[in-house]
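Q: Hi! I'm new to this one. Could you walk me through it, starting with the pockets?

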Amino acid sequence: LTFSYTNERDVLKGVSFTIEKGKMTAIVGPTGSGKSTLINLFMRYYDCPENSIFVDGTDVREFALDSYLRHIALVSQDTMLLHDSLRYNIAYGLGDVSDDAVLEAVERARLLELVSKLPDGLDTLIGDRGVKLSGGEKQRVSIARALLKGAEILILDEATSSLDSKTERLIQEAIDEAVKDRTAI
């Protein structure tokens, strides 16, 4: 894979690796080495060059975008949250989801203690961009969303950055739960 945002400079040049299905693969490197660019390409936020990224031997460009994205969940340090209930933010984009499924995702994402303290539980409004939640709580909402989605591929983009040790431990437990039986990057 060779990729550039403009024709001026390649951000990625000659990158080649295989990610085994059902395993965790870490992509590491210094700031500016292209880790986020790889994630953006995996998520198809940018169009990658033909015959450069494959899933199960098929060029990702051959998949319809909505079909492809049904199989991928992203947990990033910048969780997109709406001014709505915690329940809505966890189930966002997933259609009709049962209360039991949401509660199971909440428990697996280590959010049950938070929910029990909220005035309206899962129906508590969390504010624009989740301002009523801490950084760790926002990330666990993102993990709960990924768990609820049940995607086969889980992409974690600095999901434990800038956290205190107790919150990082809770998030790591939630991530360990989320990556079971999934391909994780």
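Q: Which elements each supply at least two residues of the lining of the largest pocket?
A: They are α1 (35-42), β1 (54-55), α2 (65-69) and β4 (153-157). Helices here are DSSP runs of H or I with at least four residues, strands are runs of E with at least two, and both are numbered from the N terminus. A pocket is an open set of points on a 1 Å grid over the protein atoms alone, where a 1.4 Å probe fits, with protein on both sides within 12 Å along at least five of seven lines; lining residues have an atom within 4 Å of a point.

Q: Before we go on, what kind of model is this?
A: This is a predicted model, where local features need pLDDT of at least 70 and side-chain atom pairs count only at pLDDT 80 or more, while totals for chains, interfaces and linings use all residues. Residues are numbered from 1 along each chain as its sequence is written, and side-chain values use heavy atoms, with hydrogens and water left out.

Q: Thanks! How much space lies in the largest pocket?
A: About 770 Å³, where a volume is the space filled by probe spheres set on the grid points, which are joined across faces, edges and corners. The lining has 29 residues, and Ile-19, Phe-54, Val-55, Asp-56 and Ile-153 are the closest to the pocket's centre.

Q: What classes of residue are in that lining?
A: There are 15 nonpolar, eight polar and six charged residues. Ala, Val, Leu, Ile, Met, Phe, Trp, Tyr, Cys and Pro count as nonpolar, Asp, Glu, Lys and Arg as charged, and the others, Gly among them, as polar.

Q: Is Asp-56 buried or exposed?
A: Exposed, with a relative accessible area of 66%. Buried means under 20% relative accessible area, exposed over 50%, and partly exposed in between, with a 1.4 Å probe and protein chains only.

Q: And the second largest pocket, what volume does that have?
A: About 520 Å³. Its lining has 22 residues, and Met-43, Tyr-45, Leu-74, Arg-145 and Lys-149 are the closest to the centre.

Q: Which element gives the largest share of that lining?
A: β3 does, with five residues. At least two residues each come from α1, β3 (72-76) and α6 (135-149). By class, the lining of the second largest pocket divides into twelve nonpolar, six polar and four charged residues.

Q: Let's stay with α6. How many of its residues are buried?
A: Twelve of the 15, so α6 is largely enclosed by the rest of the structure. Among the buried ones are Val-141, Ile-143, Arg-145 and Leu-148.

Q: What covers them?
A: The cover includes β3, α3 (86-91), α4 (99-108), α5 (112-117), β4 and α7 (165-179). Contact means heavy atoms within 4.5 Å.

Q: Switching topic, what does Asn-89 touch?
A: Leaving out residues up to four places away in sequence, Asn-89 touches Leu-81, Leu-82, Asp-84, Ile-126, Val-141 and Arg-145. Asn-89 sits in helix α3 and is buried, with a relative accessible area of 0%.

Q: And where is Asp-84 found?
A: Asp-84 is in the loop between β3 and α3. At 28% relative accessibility, Asp-84 counts as partly exposed.

Q: Last one: how many helices and strands does the protein have?
A: Seven helices and five strands. Along the sequence they follow the pattern α-β-β-α-β-α-α-α-α-β-α-β. Of the 185 residues, 42% count as buried, and the C-alpha trace spans about 50 × 35 × 30 Å along its principal axes.
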